[in-house]
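Dear colleague,

Please find the structure below, followed by a summary of what was found in it.

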Amino acid sequence: VDDGQASRTAVIVCQGRAAADGRLAPERFADPIATQLLSPDERVPVAQVRTGTVPHGWSARVEYETVRASAEVAVPRTVAIDDAIRARTTPQLILVGAGLDARAWRMPELADIDVSEVDHPSSQADKRSRLGQRRPLARSVQFVPVDFTRDRFDAALAKAGHRADAPTTWVWEGVVPYLTPAEVTTTVEAIAARSAPGSRLIVNYQSPSIRASLGRALAIGLSVVAQQGSPWAREPRRSSWTAATMSRLLVRNGFSVDSDDDLLCLARGLGMPVKESVSLQTGRVAVADR
Ligand SMILES: C[S@@+](CC[C@H](N)C(=O)[O-])C[C@H]1O[C@@H](n2cnc3c(N)ncnc32)[C@H](O)[C@@H]1O
C-alpha cells in the first residue's frame, strides 16, 4: 500500500464477500454490508458473479474471475474467524489491517465489545468515506491509522486507549502475505506485548506453494494483457509460512495454538462447491490463545 492510495486488495476481498452473500454456504455466511461499501463500478463484476453472467472481453473477464475466486476464499476464512471470535469473547476486538471488514457493522455479538480498526492511513481514510454515517453494531469503533512498515503499532494502540491489562481478540486477516517476515515477526511481538491472559489471536496466512505462485503470476500477466493495473503490483506477496513456522512464531510469543486449518478443509466442512482448490489449500486460519 502506498501513501495516498487505498488498498485495492481490500476492495477485492469486499467484492468477494458481496458476491458470496446469501449464495455460498448461506446458512453459515452472510455479509449484507459488503455490497453497500462498494462503488457502482465495483458492484458490476459482483452482480455478474452472483448471476453467473460471464462478461465478454479480456478486461471484464479478468475482473470477473478475480471476484469469483475472492468469493470462494472469503467464505471459509470469514466463517472460521467469526466462529473463533464468538467462541471466546473478550471486551476488546482489534482488526489488524481491517480493510473493508464489516464485522463491527454486521455482528450483533459485538454489542458489548469495543472494536479498534488498525489499517494503513490511506486505506482507512477510504473506508471512512465509504461508511459515511453508518452506525456500528459494536459498542464502539475506533480507527487507528498505522503503516506497519513505518509506525510503532503498539505505541499507536496505547495512544488510542487500548488496555493491555484486559483480554483482547486480535483478527489479522488477509494481511500477513503483504508483509515481510521481519514485519510479521515484529507485529506478532507487538500483539503479544499487549495481550493479557485470556487473549486470542486469529491469524490468516498463506503457506508456500509453487502452484499458487504460478497461478498468481498468471493472474498478474492476464491483468497486464487486459490493460488493467494489477491489484498485486502495489501489494506484492512478501511472506508465506508453513503451519510449523507460524506455530513456532506464535509459541515463542507466549501463545498456544488451538487450531490451524486450511481453507479447503474449512470450505468442504461448509459443503461449499469449490472451483479452484489451490488457493484454498494454501490459505490457512490459525487460532492461538494466551
Ligand atoms: C487484502 S486486504 C484485507 C483487509 C481485511 N482484513 C479483509 O480481510 O477484508 C489487506 C489489508 O492490509 C492492509 N495493509 C497492507 N500493507 C499494510 C501496511 N504496510 N500497513 C498497514 N496496513 C497494511 C491494507 O491497507 C488492507 O486493508
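In which strand does Q206 lie? Q206 belongs to strand 5 (residues 200-206); helices (H or I, at least four residues) and strands (E, at least two) are DSSP runs, numbered from the N terminus.

This is a predicted model, in which local features need pLDDT of at least 70, side-chain atom pairs count only at pLDDT 80 or more, and totals for chains, interfaces and linings use all residues. Residues are numbered from 1 along each chain as its sequence is written, and side-chain values use heavy atoms, with hydrogens and water left out.

Q206 has a relative accessible area of 16% and is therefore buried (under 20%; exposed is over 50%, partly exposed in between; 1.4 Å probe, protein chains only). The side chains of Q206 and T282 are joined by a polar contact of 3.1 Å (a pair of N or O atoms within 3.5 Å; within protein, one must be able to donate a hydrogen and the other to accept it, and residues adjacent in sequence count only if both atoms are side-chain atoms).

Rings of Phe, Tyr and Trp (its six-membered ring) pair if their centres lie within 6.5 Å; planes under 30 degrees apart count as stacked, over 60 as edge-to-face and the rest as tilted. By this rule there are three aromatic pairs. The W105 and F143 rings are stacked, because their centres are 6.5 Å apart and their planes stand at 25 degrees. W105 lies in helix 5 (residues 103-106) and F143 in strand 3 (residues 140-145), so this pair ties together parts 38 residues apart in sequence. W105 is buried at 7% relative accessibility.

Yours sincerely
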